[in-house]
Protein chains: 2
Amino acid sequence: MPPAQRHPTMADVAERAGVSASTVSRTLRGMSTVSPEVRVRVEQAARELNFAISRQASSLVTGKTGVVAVLAPTLNSWFIGSALSSLGPVLRAAGMELLVYVTPDMTERAAFFERLPARRNADALMVFSFNLTDEETARLDDLQMPVIYVSQRAECRPSVYVDDVAGALSGTRHLLNLGHRRIGFVQTIGASGFTFSSHERLLGYQQALTEAGIPLDDDLVVATPVGHKHRTAEAIGRLLSLREPPTAIFAEQDEVAVSVLWTLRRARIDVPERISVLGFDDHQMAEWSDLTTIAQSPDELGRAAGELARALINDPEADRARHIVLPTRLIPRATTAPPPAAAPDPARTEEKLR
Amino acid sequence: MPPAQRHPTMADVAERAGVSASTVSRTLRGMSTVSPEVRVRVEQAARELNFAISRQASSLVTGKTGVVAVLAPTLNSWFIGSALSSLGPVLRAAGMELLVYVTPDMTERAAFFERLPARRNADALMVFSFNLTDEETARLDDLQMPVIYVSQRAECRPSVYVDDVAGALSGTRHLLNLGHRRIGFVQTIGASGFTFSSHERLLGYQQALTEAGIPLDDDLVVATPVGHKHRTAEAIGRLLSLREPPTAIFAEQDEVAVSVLWTLRRARIDVPERISVLGFDDHQMAEWSDLTTIAQSPDELGRAAGELARALINDPEADRARHIVLPTRLIPRATTAPPPAAAPDPARTEEKLR
DNA sequence: ATGAAAGCGCTAACAG
DNA sequence: CTGTTAGCGCTTTCAT
């Protein structure tokens, strides 16, 4: 009988089942070379002793830790939270655990990259939404384990991300199809780690305009940090005070789009009658606000990243530069509509005057 | 020289520094019994080889894993996300890592409790916002490691939570002080794992009313799931159609309070002129919406939980039933004001008639 | 199909 | 102050 205050070991289980430790190990790992009767005895003994295997010990010999590490700037983010919530079960199904390194500030981040603690303690590293410096990327390349870039495109390295260009393109097309010709774009600044998506979305917007033969107008692109009412109001003010103000505003992120809605509402500008508003993400708040938006699925992203990690860990021959690109889809709701008929459209006015 | 495709071990470092493995071990753990010159040599050798210690190996002998496990129903939650984001750095400062078990559904949860994988793979377990069954709690009691209950009160077990009763009490008092006498309360239903707080907040509300000599009225308490516009509108409708409708509405959660704001706005009921709205949490959205609310700090909670974990792990003599209760504070913003003077207050009307 | 033995990388006694 | 030695709990040859 094992000492009371200690976890039972395989030796304890072996003794109780009347077999050797090797057999216990084989049984518990589901190897086929164990006779059915012995298997039953071992399993029962393990259950009775409430045995749990020590990963530390087994990884010492197998060289696999059974752990996937995640590096994320914060967990307090709709996007990362959702992705990790669906990553968890995927890993569990593969018998792996989830180790999280949060680096809310530069100090923490520097500490991570200096010590690279994941090195010996995980089989793969997943990097979430980061703007890595070249030096940091180089450090990760030396890591001797698969590094998966999530929500960012990393050349020649495995990565999983959403097709932001296509998303913004289809969103802008939706506005164009409704008849809008002056479309404002609100960029987000200072969102730690999301500049990659930010840039791509602007690109999609511009591409759609070009496609429609509408010249780009820098005055239509403004920026605001997320969650700063005043700054957002200011940015919208710049748009509204243009000689030809936009009839639609495309915010790069739902959280900002909702701020825009508040600003317009306060200014008594009806949405969508006077101005249409379009978001990106399909954040919970989008549904609550009845905001038309371009949906991406962080859940799917988490799952895909998990599968990719599993594949790369188990199969060293796997494609080490595989990119998984996830689609977006437009969700039309109540904040987009055709532009007002009486819109002050100088082009049209001129035509009438002629 | 160590093989190229393998991590260097202490033996490799020892050889390079011309000392024994024990000395390397002592040096790297910062023990004082190492001569300065040797320390320098060892540290340099370790750096040159890019050595990282294997936790698996050291925990095998020390019996400590250097890991704190967290059990959480989801990571996609403002509250849990914030708490974990600040827990991470606390643990890192103590040289520990953060292992996360997410159990988004009952299947995952059952799987966790059946295998209790944390058992051998962590030094402490932190349970976030869960409604555990007695059986589940009993399983955790058997775990042979400190289990810290976060955001819930667990009798005779270490736990960390916010003083919800006091918070709701002070919030309700604020409304009473403004002159409100009919105060509606909106409960949240179906929020996985938060029924503890939910109950406590109702209690605080009731306590404040009783204190003020106002009889409780069940009609003033309605419930809605979070994020269901229609259900929320319905609940508010029940309040508005009372014979004596409330002049203030206290929503147990900011996310619901914001929904309430939307509902009232759509109904063209001015806030706070006609009806005051009060939330609880100080969610980001509260600031954006200029919502008066009772703030709690999940960051502090995460930090406190981390400190408690460290204390319990390092000191077996520590108080194993210690409760840390965190304060809340009222943040007055733009959604609360005195009730309308012309409010249909039958009591006052009667007085006038007399 | 099963057991014996060696060893994964590290730490902790114990000598010196 | 430093080296030697003996495991920690498991997996993996290699026998049988």
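This briefing covers the protein surface around DNA strand C and the strands and helices of chain B. The model is predicted: local features need pLDDT of at least 70, side-chain atom pairs count only at pLDDT 80 or more, and totals for chains, interfaces and linings use all residues. Residues are numbered from 1 along each chain as its sequence is written, chains are lettered from A and ligands numbered from 1 in written order, and side-chain values use heavy atoms, with hydrogens and water left out.

- DNA strand C has 27 residues around it; a residue is near if one of its heavy atoms lies within 4 Å.
- Thr23(A), Val38(A), Met10(B), Ser25(B) and Arg29(B) come nearest.
- Sugar and phosphate make up 69% of the atoms of DNA strand C within 4 Å of the protein.
- The surface has 11 nonpolar, 11 polar and 5 charged residues. Ala, Val, Leu, Ile, Met, Phe, Trp, Tyr, Cys and Pro count as nonpolar, Asp, Glu, Lys and Arg as charged, and the others, Gly among them, as polar.
- Helix 2 (21–28) and helix 4 (55–62) of chain A, and helix 2 (21–28) and helix 4 (55–62) of chain B, each supply at least two residues. Helices (H or I, at least four residues) and strands (E, at least two) are DSSP runs numbered from the N terminus.
- Helix 4 of chain B gives the largest share, 5 residues.

**Base nitrogens of DNA strand C**

- A side-chain N or O atom of Arg26(A) is 2.7 Å from a base nitrogen.
- For Ser22(B), a side-chain N or O atom is 3.0 Å from a base nitrogen.
- Ala57(B) uses a backbone N or O atom, 3.2 Å from a base nitrogen.

**Strands 5 and 11 of chain B**

- Strand 5 (residues 159–162) and strand 11 run parallel, joined by 4 bridges. Val162(B) has Leu326(B) as its bridge partner.

**Open sheet of chain B**

- Six strands form an open sheet in the order 7-6-8-9-10-12, with mixed pairing. Two strands pair if DSSP finds at least two bridges between them.
- Strand 7 (221–225) and strand 12 (329–331) are the edge strands.
- Strand 6 (residues 183–189) runs parallel to strand 7, with 5 bridges. Val186(B) stands opposite Val222(B).
- Helix 9 (residues 195–211) packs on the sheet, touching (heavy atoms within 4.5 Å) strands 6, 7, 8 and 9.

Methods: A polar contact is a pair of N or O atoms within 3.5 Å; within protein, one must be able to donate a hydrogen and the other to accept it, and residues adjacent in sequence count only if both atoms are side-chain atoms. Axes are lines fitted to C-alpha atoms, for helices over the stretch in contact, and angles run from 0 to 180 degrees between N-to-C directions.
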